[in-house]
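Please look over this model with me. My notes follow as numbered points, from model confidence to the ligand.

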Amino acid sequence: MSGGRPEPAILTLNAGSSSLKFGLFTAALGVMATGLVDRIGGEGSLVLRAASGAPLVPPEGLHRDFADHAAALATALAALGALFPACAIEAVGHRVVHGGPGHDRPIVIAGDTLDRLAALEPFAPLHQPHNLAGIRAAISAFPKAAQVACFDTAFHRSHPFVNDTFALPRAFYAKGVRRYGFHGLSYEFIASALARDWPALARGRVIVAHLGNGASMCALREGRSVASTMGFSALDGLPMGTRCGQLDPGVVLYLMTHEGMDAAAISDLLYRRSGLLGMSGISNDMRKLEESDTPGAREAIDYFVFRIQREMGGLAAALRGLDGVVFCGGIGENSRLIRARVAEGMGWLGVHVDPDRNAANGPVLSPEGAPVTVLTIPTDEEIVIARATTALMPRRKEAAP
Ligand code: ADP
């Protein structure tokens, strides 16, 4: 991207198994555009949006073959370059699912960082390799730019040992078999939004429910993670679009010994065929389940709501009380039904949702004077990555020879 006087910009990348989400920010962290390349590995599509959310049509068309992440990135960059010809990308911030026990904050990628992050692939085999493919593609596209890794696990490194361990022999903990927790970039955004707009609440005890295709909950005390529903992998806790959530490990043993399933088959079952999709037999999409009147859809919603309520009780116990609840993610930000249904069973904990405020989508959902402040806050993982990347840029420049 060149031409005219270069305007420094920051690119954020979130590389999934077959998708690449990206954001282009000014140096002052204003959004220039966000985008998504879908179905990498075949005939895919590129969607670009302006800061307002309005779609921007890329000049070379929306559909084409994306062989790999590098091809997806090249097409995204060509489209961004055509739209913002003066823009010079000085740093790239990456979402990386796993930082292991050692990383409690973002880092600049340098030296053997990529090798160390690749060594964590066995902990997140469905995500980490794709995240690293995104980093490699960005390094070859922008060899001089600072590359920053922002970890989904980092925010939870503050949690105490009882929420970090399983009751396995110690040797496994030493090998890294721990409760890491995920969705940390989303929780960091919510913690920062609370600190800015709800400072008294931010100093208290808050449960954040990140309810999207992936779903988890996090207990915050004074803005720091105390406990979360996801553990070693992104499978635990709440049921999700296609993931099972909490599961007795005995089920896995049963599947191996009596159903003849190997690790790959069990992984496919638990990650891709379970959750809302598996229970309903219809869809992983909450909107479709809300519209459906089949018993399967109703039971999937009932189970989703019940597990949120159970986890809310457990996280409130971890916090020794509760001052606030925040809903975020596609379901948490939009589904009036799920928010109302969750609150219906939680009045004993002081959680109430006012029907009119819920219908208006908040941001405050609880009635005036309620013991627990219930909010909905749209989360923004990209801005967390962009902020961290900007914060680390000067350090890299100072370190450069
Ligand atoms: P991801 O984890 O992939 O980022 P999102 O945070 O975008 O997912 O959330 C996707 C989920 O949000 C889907 O289940 C979708 O049906 C749900 N959702 C979005 N809008 C609504 C709505 N208005 N009502 C109910 N569910 C919604």
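1. Where pLDDT is low, the predicted coordinates should not be read in detail.

2. Now take the protein as a whole. Its average pLDDT is 93. A score of at least 70 is reached by 96% of the residues.

3. Next, the domains. The domain assignment gives domain 1 as 7–151 and domain 2 as 199–380. How far apart do the C-alpha centres of domain 1 and domain 2 lie? The distance is 28 Å.

4. Look inside the protein. One cavity of 30 Å³ or more is present in the structure. About 50 Å³ of space lies in the largest cavity.

5. From the list of lining residues, find Val97, Phe123, Ala124, Pro125, Leu126 and His127 in the structure. Then find Phe182, Ser233, Ala234 and Tyr271, which also line the largest cavity.

6. Sort that lining by class. Eight of the residues are nonpolar and two are polar. The lining of the largest cavity has no charged residues.

7. Turn to the ligand. How many residues surround the ligand? There are 14. The closest are Asn213, Asp285, Met286, Arg287 and Gly330.

8. Check the ligand's oxygen atoms against the protein. An N or O atom in the side chain of Asp285 is 2.4 Å from an oxygen atom of the ligand. Here the side chain of Asp285 supplies the protein atom. With Arg287, a polar backbone atom is 3.1 Å from a ligand oxygen atom. Ile331 also uses its backbone: one of its backbone N or O atoms lies 3.3 Å from an oxygen atom of the ligand.

Technical notes: Residues numbered from 1 in each chain as written. Predicted model: local features only at pLDDT ≥ 70, side-chain atom pairs only at ≥ 80, totals over all residues. Heavy atoms only, no water. 1 Å grid on protein atoms, 1.4 Å probe; cavity = no way out; pocket = protein on both sides within 12 Å on 5 of 7 lines; lining within 4 Å. Points joined across faces, edges and corners; volume = space filled by probe spheres on them. Nonpolar A, V, L, I, M, F, W, Y, C, P; charged D, E, K, R; others polar. Domains from an automatic or database assignment. pLDDT = per-residue confidence, 0-100. Near = heavy atom within 4 Å. Polar contact = N/O pair within 3.5 Å; in protein donor to acceptor, adjacent residues only side chain to side chain.
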